[in-house]
Amino acid sequence: MRTNFHTHTQRCLHAFGDEEDYVIEAVKRNVEQLGFSDHAPFPDKDFGLRMQFAELGDYLDTIGRLNEKYSNIQLFKGLEIEYHPVYDDYYRQLFDVYKLDYLILGEHMYTMPDGDIKNIYFAQSTKDYLDYAKGICDGIKTGLFNIIAHPDLMFMNKFAWDDNCKRASEMIIESAEKYNIVLEFNANGYRRGKVIYPDGERYQYPDVRFWNMVRDTNIRVIIGSDCHEPHQVFDEKVEFAYKTASSLGLNVIETIF
Ligand SMILES: [Zn+2]
Ligand SMILES: [Zn+2]
(Lines give C-alpha, C1' and ligand atoms only; values in the text may rest on other atoms or scores of the structure.)
(Ligands and ions follow the chains in the order given, each with its own letter.)
Protein backbone atom coordinates (compact mmCIF):
# COMPACT_ATOMS: atom_id res chain seq x y z
CA MET A 1 0.00 0.00 0.00
CA ARG A 2 1.30 3.45 -0.90
CA THR A 3 1.20 5.93 1.97
CA ASN A 4 2.72 9.19 3.09
CA PHE A 5 2.36 10.77 6.52
CA HIS A 6 4.73 13.70 6.09
CA THR A 7 2.96 16.34 3.99
CA HIS A 8 3.18 20.12 4.17
CA THR A 9 0.92 22.81 2.68
CA GLN A 10 1.26 26.47 1.81
CA ARG A 11 0.03 27.33 5.30
CA CYS A 12 3.60 26.90 6.64
CA LEU A 13 4.73 29.78 4.38
CA HIS A 14 7.54 27.81 2.70
CA ALA A 15 5.58 25.09 0.86
CA PHE A 16 3.34 25.31 -2.21
CA GLY A 17 -0.21 24.15 -2.81
CA ASP A 18 -3.24 23.74 -0.59
CA GLU A 19 -4.56 20.55 1.00
CA GLU A 20 -6.63 19.58 -2.03
CA ASP A 21 -3.66 19.97 -4.41
CA TYR A 22 -1.83 17.31 -2.37
CA VAL A 23 -4.86 15.02 -2.28
CA ILE A 24 -5.32 15.23 -6.05
CA GLU A 25 -1.64 14.47 -6.64
CA ALA A 26 -1.68 11.60 -4.12
CA VAL A 27 -4.75 10.01 -5.76
CA LYS A 28 -3.06 10.34 -9.15
CA ARG A 29 -0.07 8.43 -7.76
CA ASN A 30 -2.21 5.69 -6.16
CA VAL A 31 -1.46 6.74 -2.60
CA GLU A 32 -4.09 5.11 -0.37
CA GLN A 33 -3.33 6.83 2.94
CA LEU A 34 -2.22 10.46 3.13
CA GLY A 35 -1.40 12.18 6.40
CA PHE A 36 -1.04 15.95 6.63
CA SER A 37 1.72 17.09 8.96
CA ASP A 38 2.21 20.77 8.35
CA HIS A 39 4.60 22.71 10.58
CA ALA A 40 2.55 23.33 13.70
CA PRO A 41 1.93 26.68 15.32
CA PHE A 42 2.36 27.27 19.03
CA PRO A 43 -0.47 29.24 20.65
CA ASP A 44 1.66 32.06 22.10
CA LYS A 45 4.94 32.01 20.20
CA ASP A 46 5.87 32.29 16.52
CA PHE A 47 9.06 30.39 15.72
CA GLY A 48 8.71 31.47 12.07
CA LEU A 49 8.10 29.60 8.79
CA ARG A 50 5.13 27.72 10.10
CA MET A 51 1.34 27.79 10.16
CA GLN A 52 -0.29 30.66 12.03
CA PHE A 53 -2.23 29.54 15.09
CA ALA A 54 -5.39 31.20 13.73
CA GLU A 55 -5.30 28.79 10.74
CA LEU A 56 -5.21 25.58 12.74
CA GLY A 57 -8.98 25.14 12.83
CA ASP A 58 -9.41 25.72 9.11
CA TYR A 59 -6.52 23.34 8.33
CA LEU A 60 -8.13 20.52 10.28
CA ASP A 61 -11.65 21.25 8.95
CA THR A 62 -10.31 21.23 5.39
CA ILE A 63 -8.69 17.82 5.83
CA GLY A 64 -11.94 16.50 7.31
CA ARG A 65 -13.98 17.89 4.41
CA LEU A 66 -11.59 16.46 1.79
CA ASN A 67 -11.71 13.08 3.51
CA GLU A 68 -15.48 13.04 2.84
CA LYS A 69 -15.08 14.28 -0.71
CA TYR A 70 -12.45 11.77 -1.89
CA SER A 71 -13.59 8.21 -1.28
CA ASN A 72 -10.56 6.48 -2.82
CA ILE A 73 -8.01 7.83 -0.34
CA GLN A 74 -7.91 7.95 3.45
CA LEU A 75 -6.75 11.24 4.97
CA PHE A 76 -5.31 11.79 8.43
CA LYS A 77 -4.93 14.92 10.54
CA GLY A 78 -1.45 15.47 11.86
CA LEU A 79 1.16 18.09 12.58
CA GLU A 80 4.94 18.20 12.61
CA ILE A 81 6.09 19.92 15.77
CA GLU A 82 9.12 20.44 17.98
CA TYR A 83 9.24 19.18 21.53
CA HIS A 84 9.48 21.89 24.17
CA PRO A 85 8.56 20.62 27.67
CA VAL A 86 6.64 23.82 28.53
CA TYR A 87 4.02 22.89 25.91
CA ASP A 88 3.11 19.43 27.26
CA ASP A 89 -0.50 20.53 27.85
CA TYR A 90 -0.74 21.95 24.35
CA TYR A 91 0.38 18.67 22.74
CA ARG A 92 -2.30 16.84 24.73
CA GLN A 93 -4.90 19.44 23.69
CA LEU A 94 -4.04 18.83 20.04
CA PHE A 95 -5.30 15.28 20.48
CA ASP A 96 -8.10 15.87 23.00
CA VAL A 97 -9.57 19.16 21.76
CA TYR A 98 -8.40 19.43 18.14
CA LYS A 99 -8.84 15.68 17.52
CA LEU A 100 -5.54 15.15 15.79
CA ASP A 101 -4.82 11.63 14.49
CA TYR A 102 -1.08 11.80 15.03
CA LEU A 103 1.88 14.02 15.87
CA ILE A 104 5.30 13.91 14.23
CA LEU A 105 8.19 15.09 16.34
CA GLY A 106 10.20 17.19 13.90
CA GLU A 107 12.95 18.65 16.03
CA HIS A 108 14.54 21.73 14.44
CA MET A 109 14.55 23.99 17.49
CA TYR A 110 15.27 22.30 20.82
CA THR A 111 15.13 23.29 24.47
CA MET A 112 18.38 23.25 26.45
CA PRO A 113 18.40 22.08 30.09
CA ASP A 114 18.52 25.76 31.18
CA GLY A 115 15.41 26.55 29.12
CA ASP A 116 17.29 28.27 26.31
CA ILE A 117 16.08 27.40 22.80
CA LYS A 118 18.62 26.48 20.10
CA ASN A 119 18.36 25.63 16.42
CA ILE A 120 20.12 22.49 15.17
CA TYR A 121 20.71 24.14 11.79
CA PHE A 122 23.29 26.30 13.56
CA ALA A 123 25.18 23.69 15.58
CA GLN A 124 28.57 25.01 16.73
CA SER A 125 30.16 21.58 17.08
CA THR A 126 29.11 17.93 17.34
CA LYS A 127 28.81 18.49 21.10
CA ASP A 128 25.51 20.24 20.37
CA TYR A 129 24.19 16.94 18.97
CA LEU A 130 24.12 15.54 22.50
CA ASP A 131 21.75 18.30 23.69
CA TYR A 132 19.71 17.91 20.53
CA ALA A 133 19.42 14.14 21.04
CA LYS A 134 18.44 14.72 24.66
CA GLY A 135 15.61 17.00 23.47
CA ILE A 136 14.34 14.28 21.15
CA CYS A 137 14.60 11.62 23.88
CA ASP A 138 12.64 13.85 26.28
CA GLY A 139 9.94 14.12 23.62
CA ILE A 140 9.87 10.38 22.98
CA LYS A 141 9.44 9.70 26.70
CA THR A 142 6.20 11.71 26.85
CA GLY A 143 4.48 9.19 24.58
CA LEU A 144 2.84 12.10 22.75
CA PHE A 145 4.51 11.51 19.39
CA ASN A 146 3.83 8.79 16.84
CA ILE A 147 6.81 9.31 14.54
CA ILE A 148 10.23 10.96 14.89
CA ALA A 149 10.88 12.89 11.67
CA HIS A 150 14.39 12.81 10.22
CA PRO A 151 16.07 11.61 13.46
CA ASP A 152 19.42 12.10 11.67
CA LEU A 153 18.76 15.74 10.68
CA MET A 154 21.68 16.95 12.83
CA PHE A 155 24.15 15.39 10.39
CA MET A 156 23.35 18.09 7.83
CA ASN A 157 25.88 20.21 9.74
CA LYS A 158 29.38 20.34 8.28
CA PHE A 159 31.24 18.20 10.78
CA ALA A 160 33.02 14.86 10.39
CA TRP A 161 31.62 11.81 12.16
CA ASP A 162 33.03 11.45 15.69
CA ASP A 163 32.18 9.96 19.08
CA ASN A 164 29.53 12.63 19.75
CA CYS A 165 27.77 11.63 16.52
CA LYS A 166 27.80 8.02 17.58
CA ARG A 167 26.61 8.80 21.11
CA ALA A 168 23.81 11.12 19.95
CA SER A 169 22.65 8.42 17.52
CA GLU A 170 22.72 5.79 20.26
CA MET A 171 20.66 8.02 22.56
CA ILE A 172 17.90 8.47 19.97
CA ILE A 173 17.95 4.83 18.83
CA GLU A 174 17.94 3.45 22.37
CA SER A 175 14.97 5.53 23.41
CA ALA A 176 13.07 4.82 20.18
CA GLU A 177 13.55 1.13 20.90
CA LYS A 178 12.60 1.43 24.54
CA TYR A 179 9.38 3.36 23.81
CA ASN A 180 8.62 1.46 20.60
CA ILE A 181 8.40 4.60 18.49
CA VAL A 182 8.59 4.81 14.69
CA LEU A 183 11.62 6.51 13.11
CA GLU A 184 11.23 8.27 9.79
CA PHE A 185 13.58 7.77 6.85
CA ASN A 186 13.17 11.16 5.21
CA ALA A 187 13.11 11.46 1.41
CA ASN A 188 13.46 15.23 1.50
CA GLY A 189 17.14 14.82 2.35
CA TYR A 190 17.60 13.28 -1.09
CA ARG A 191 15.97 16.33 -2.69
CA ARG A 192 18.67 18.50 -1.10
CA GLY A 193 21.37 16.62 -3.01
CA LYS A 194 24.86 15.55 -1.93
CA VAL A 195 27.25 17.77 -0.03
CA ILE A 196 31.03 17.53 0.52
CA TYR A 197 31.85 17.01 4.20
CA PRO A 198 35.28 16.87 5.91
CA ASP A 199 35.00 13.07 5.82
CA GLY A 200 33.58 12.69 2.33
CA GLU A 201 30.65 13.36 0.07
CA ARG A 202 27.16 12.27 1.13
CA TYR A 203 23.56 13.33 1.46
CA GLN A 204 22.89 15.70 4.37
CA TYR A 205 20.42 13.03 5.53
CA PRO A 206 19.46 10.20 5.57
CA ASP A 207 22.90 9.36 6.95
CA VAL A 208 23.80 5.71 6.30
CA ARG A 209 25.95 5.57 9.46
CA PHE A 210 22.93 6.35 11.60
CA TRP A 211 20.68 3.90 9.78
CA ASN A 212 23.24 1.10 9.98
CA MET A 213 22.89 1.43 13.76
CA VAL A 214 19.09 1.27 13.46
CA ARG A 215 19.37 -1.93 11.40
CA ASP A 216 20.62 -3.83 14.44
CA THR A 217 17.33 -3.13 16.27
CA ASN A 218 13.72 -4.05 15.53
CA ILE A 219 12.64 -0.39 15.37
CA ARG A 220 9.90 0.27 12.83
CA VAL A 221 10.94 2.67 10.08
CA ILE A 222 8.55 4.65 7.90
CA ILE A 223 9.44 6.51 4.71
CA GLY A 224 8.35 10.15 4.78
CA SER A 225 8.12 12.29 1.67
CA ASP A 226 8.28 15.56 3.64
CA CYS A 227 6.82 17.10 0.48
CA HIS A 228 6.65 20.87 0.20
CA GLU A 229 5.22 20.73 -3.35
CA PRO A 230 2.27 18.58 -4.46
CA HIS A 231 4.20 16.67 -7.15
CA GLN A 232 6.66 15.46 -4.48
CA VAL A 233 3.99 13.55 -2.58
CA PHE A 234 5.19 10.21 -3.93
CA ASP A 235 8.00 11.09 -6.34
CA GLU A 236 11.20 9.35 -7.43
CA LYS A 237 12.95 10.51 -4.24
CA VAL A 238 10.36 8.64 -2.20
CA GLU A 239 10.90 5.56 -4.36
CA PHE A 240 14.65 5.94 -3.92
CA ALA A 241 14.17 6.19 -0.15
CA TYR A 242 12.17 2.93 -0.14
CA LYS A 243 14.87 1.19 -2.19
CA THR A 244 17.69 2.50 0.00
CA ALA A 245 15.95 1.70 3.29
CA SER A 246 15.21 -1.85 2.24
CA SER A 247 18.72 -2.41 0.88
CA LEU A 248 20.03 -1.24 4.28
CA GLY A 249 17.93 -4.00 5.86
CA LEU A 250 15.63 -1.69 7.82
CA ASN A 251 12.29 -2.82 9.23
CA VAL A 252 10.17 -0.66 6.89
CA ILE A 253 6.45 -0.32 7.63
CA GLU A 254 3.85 1.30 5.39
CA THR A 255 1.38 2.71 7.83
CA ILE A 256 0.93 3.81 11.44
CA PHE A 257 -2.87 3.20 11.32
ZN1 LIG B 1 9.31 22.55 5.94
ZN1 LIG C 1 8.58 18.28 7.42
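Mentor: Before we start, strands here are DSSP runs of E with at least two residues, numbered from the N terminus. Also keep in mind that this is a predicted model.

Trainee: Got it. Which strand does Ser-37 lie in?

Mentor: Look for the run that covers residues 31-39.

Trainee: Is Ser-37 buried or exposed?

Mentor: Check its surroundings before the label. Among its contacts beyond four places in sequence are Phe-5, Leu-79 and Ile-104, and the C-alpha atom of Thr-7, 30 residues away along the chain, sits 5.2 Å from that of Ser-37. The cut-off for burial is 20 or more other C-beta atoms within 10 Å. Ser-37 has 28 of them, so it is buried.

Trainee: Now the sheet: which strands are at its edges?

Mentor: The sheet is open, with 8 parallel-paired strands in the order 1-2-3-4-7-8-11-12. An edge strand pairs on one side only, and that picks out strand 1 (2-4) and strand 12 (251-253).

Trainee: What is the bridge partner of Leu-105 in strand 7?

Mentor: Strand 4 (residues 102-105) pairs with strand 7 (residues 147-148) in the parallel sense, over 2 bridges. For Leu-105, the partner in strand 7 is Ile-148.

Trainee: Last one: are helix 4 and helix 5 roughly parallel or roughly antiparallel?

Mentor: Their contact includes Leu-130 and Ile-136 from helix 4, meeting residues such as Met-171 and Ile-172 in helix 5. By class, that contact has 12 nonpolar, 2 polar and 4 charged residues. The axes come within 8 Å and cross at roughly 5°. Angles under 35 degrees count as roughly parallel, so the two helices are roughly parallel.

Key
Residues numbered from 1 in each chain as written. Chains lettered and ligands numbered in written order. Predicted model: local features only at pLDDT ≥ 70, side-chain atom pairs only at ≥ 80, totals over all residues. Axes fitted to C-alpha atoms, helices over the stretch in contact; angles between N-to-C directions. Helix = DSSP H or I, 4+ residues; strand = E, 2+ residues; numbered from the N terminus. Parallel < 35°, antiparallel > 145°, perpendicular 65-115°, else oblique. Contact = placed C-beta atoms within 7 Å. Nonpolar A, V, L, I, M, F, W, Y, C, P; charged D, E, K, R; others polar. Pairing = 2+ DSSP bridges. Buried ≥ 20, exposed ≤ 12 C-beta atoms within 10 Å, placed from the backbone.
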